[in-house]
Amino acid sequence: MADPVFPGDGQTRFLLGLIGPAISASVGVFARHAQLVLDGGRWSWRRLMLEVPGIAGIAIASSGAAQWLHLGPASTSAIAAVAAWLGPKAVLTLVERRFGAKVVD
């Protein structure tokens, strides 16, 4: 399946290309928060709103990772959803274990 071609300049194409990964990352965040509630935690809109910048970052990072690995749009969305479901701390731990470098103090 070929990658979609978006009209417009580079910035417009970049932003339109992030719609799918952003939606997938949102689904992953909702799934993680639902799991926290099922495990006995409290639902909090404030906590969920704090995740919005993370959703944008996960969408950009997953898009870059998928392009680096030469994957298609479906794989980009899958990477975004899984990374958002795991959460930023788990993703950083996986990177630290894989590459043996400390990402954050």
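A salt bridge is a side-chain nitrogen of Lys or Arg within 4 Å of a carboxyl oxygen of Asp or Glu. The model on your screen is predicted, with local features needing pLDDT of at least 70 and side-chain atom pairs counting only at pLDDT 80 or more, while totals for chains, interfaces and linings use all residues. Residues are numbered from 1 along each chain as its sequence is written, and side-chain values use heavy atoms, leaving out hydrogens and water.

Select Glu51 and Arg32, whose side chains meet in a salt bridge at 3.1 Å, N to O. This pair links distant parts of the chain, 19 residues apart, with Glu51 in the loop between α3 and α4 (52-68) and Arg32 in helix α2; helices here are DSSP runs (H or I, at least four residues), numbered from the N terminus. A search of the whole structure finds one salt bridge.

Next, show α2 together with helix α5 (residues 73-86): their axes, which are lines fitted to C-alpha atoms over the stretch in contact, come within 7 Å and cross at roughly 30°. That makes α2 roughly parallel to α5, because angles under 35 degrees count as roughly parallel. In the contact (heavy atoms within 4.5 Å), the residues of α2 include Gly20, Ala25 and Arg32, and those of α5 include Thr76, Ala80 and Trp85.

Finally, select Phe30, Val37, Trp43, Trp45, Met49 and Val52, which make a nonpolar surface patch of about 610 Å². Such patches are made of residues with over 30% relative accessible area and no salt bridge, nonpolar side chains being joined within 5 Å, and accessible areas come from the Shrake-Rupley method with a 1.4 Å probe.

Technical notes:
Patch = residues over 30% accessible without salt bridge, like charges linked within 9 Å, V, L, I, M, F, W, Y side chains within 5 Å. Axes fitted to C-alpha atoms, helices over the stretch in contact; angles between N-to-C directions. Helix = DSSP H or I, 4+ residues; strand = E, 2+ residues; numbered from the N terminus. Parallel < 35°, antiparallel > 145°, perpendicular 65-115°, else oblique.
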